[in-house]
Amino acid sequence: MWFQLICQTSQKGEALISEAAENMGAASVTLSDAGDVPVLEPLPNETPLWDDIIVTILFREEDKPLADALERQLEENREAWQISKLHQEVLEEQVWERMWMKDFHPMCFGERLWIYPSWSETPDDDTVKILLDPGLAFGTGTHPTTSLCLQWLDQNPPVGASVIDYGCGSGILAIAAIKLGATHVQATDIDPQALTATHDNQEKNGIQDEQISACLPEDMPEMQADLMLANILCGPLIELSQTLCQMTKPGGMVVLSGVLAEQVPLLQEAYQAHCDDIQFAEQDGWVRMTAQVR
């Protein structure tokens, strides 16, 4: 059994509450959004916070007196620490691995591309199967931006193509490209954890080291690929428009995602100077852009 204190506060209050929880010996402190303000892809070592925060403070069963003492301290400082809500609740011990496993199921993208969690049985058929579990890096197929890219790859298998996966995250797009016929994928990401995740998922899917290479952007070899995949965010996509197109062969394709519908005009303007046949697809307010490099 565990005990957790849950309170709602501001950025200023969060710092005071977290310090008090640490001093009281809490097992963990978790911060979450009290409203609906997404934090999109912070840079490594950045911890952007919301204006309105839910702080969840966890105590072991034997530390219940400490939880009670902290609750009294928070109550005494409710106004000064800008605490709008405060309560304590019991958290029963569970098999936590099973809890998140039950919510992650096989998913199909297009006609024959499937993502399976590693604990799931895979059918013996001619579909393309990727084994992937939720982990440290972005990209399991559940988010519309990843889904849009996977759908495009299913509809346009990169058979015999060289590919760059710019912002590889978990490596899901690189792995899908190889499984769908690409000869080599150069993957890159600014987060070293993403490179580790890509390598681990590559091994899990039986893909050879020479088929997917992963490195930081500054270590990228000079090259031009037949296909550029970049599932990042609109700001970086605009800043990198010339770079991404220069790294793509004339006549090659760029497939970009991570863009909100209202950002489409800005993205289109940035790529019109380098590309033809610009097209868009939308899913749940997120957009994929495809274009052919001149």
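## Getting started

A residue is called buried when its relative accessible area is under 20%, exposed when it is over 50%, and partly exposed in between. K204, for example, has a relative accessibility of 35%, so it counts as partly exposed. Please keep in mind that the model you are looking at is predicted.

## The chain as a whole

Let's begin with the overall picture. The protein chain has 294 residues, and 44% of them are buried. Its secondary structure consists of nine helices and 14 strands. Taken along the principal axes, the C-alpha atoms fill a box of roughly 65 × 45 × 35 Å.

One loop to look for runs between β2 (28-33) and β3 (52-60), and P48 is found there. P48 has a relative accessible area of 37%, which makes it partly exposed. From P48 to L148 there are 100 residues in sequence, and their C-alpha atoms are 27 Å apart in space.

## Salt bridges

The structure has seven salt bridges. D133 counts as buried because its relative accessibility is 17%.

Another salt bridge joins the side chains of D226 and K249, at 3.3 Å from N to O. This pair links distant parts of the chain, with D226 in strand β11 (residues 225-231) and K249 in strand β12 (residues 248-260), 23 residues apart. D226 is partly exposed at 27% relative accessibility, and K249 is partly exposed at 33%. R60 and D63 also form a salt bridge, their closest N and O atoms being 4.0 Å apart. Here R60 is partly exposed, at 36%, whereas D63 is buried, at 17%.

## A negative patch

On the surface, D200, E203, D209 and E210 gather in a patch of negative charge. D200 belongs to helix α6 (residues 192-204). With 41% relative accessibility, D200 counts as partly exposed.

## Cysteines without disulfides

How many disulfides does the structure hold? The count is zero. C234 is in no disulfide, and the nearest cysteine sulfur, that of C245, is 14 Å away. C234 is buried, at 3% relative accessibility.

C245 is likewise in no disulfide; the nearest cysteine sulfur to C245 is that of C275, 3.6 Å away. A disulfide needs the two sulfur atoms to be within 2.5 Å. C245 is buried too, at 6% relative accessibility.

How values were computed
Residues numbered from 1 in each chain as written. Predicted model: local features only at pLDDT ≥ 70, side-chain atom pairs only at ≥ 80, totals over all residues. Heavy atoms only, no water. Patch = residues over 30% accessible without salt bridge, like charges linked within 9 Å, V, L, I, M, F, W, Y side chains within 5 Å. Areas by Shrake-Rupley, 256 points an atom, 1.4 Å probe, with all protein chains shown as cover. Lys, Arg positive; Asp, Glu negative; His and termini not counted. Charge placed at Lys NZ, Arg CZ, Asp CG, Glu CD. Helix = DSSP H or I, 4+ residues; strand = E, 2+ residues; numbered from the N terminus. Buried < 20%, exposed > 50% of the residue type's maximum accessible area, 1.4 Å probe, protein only.
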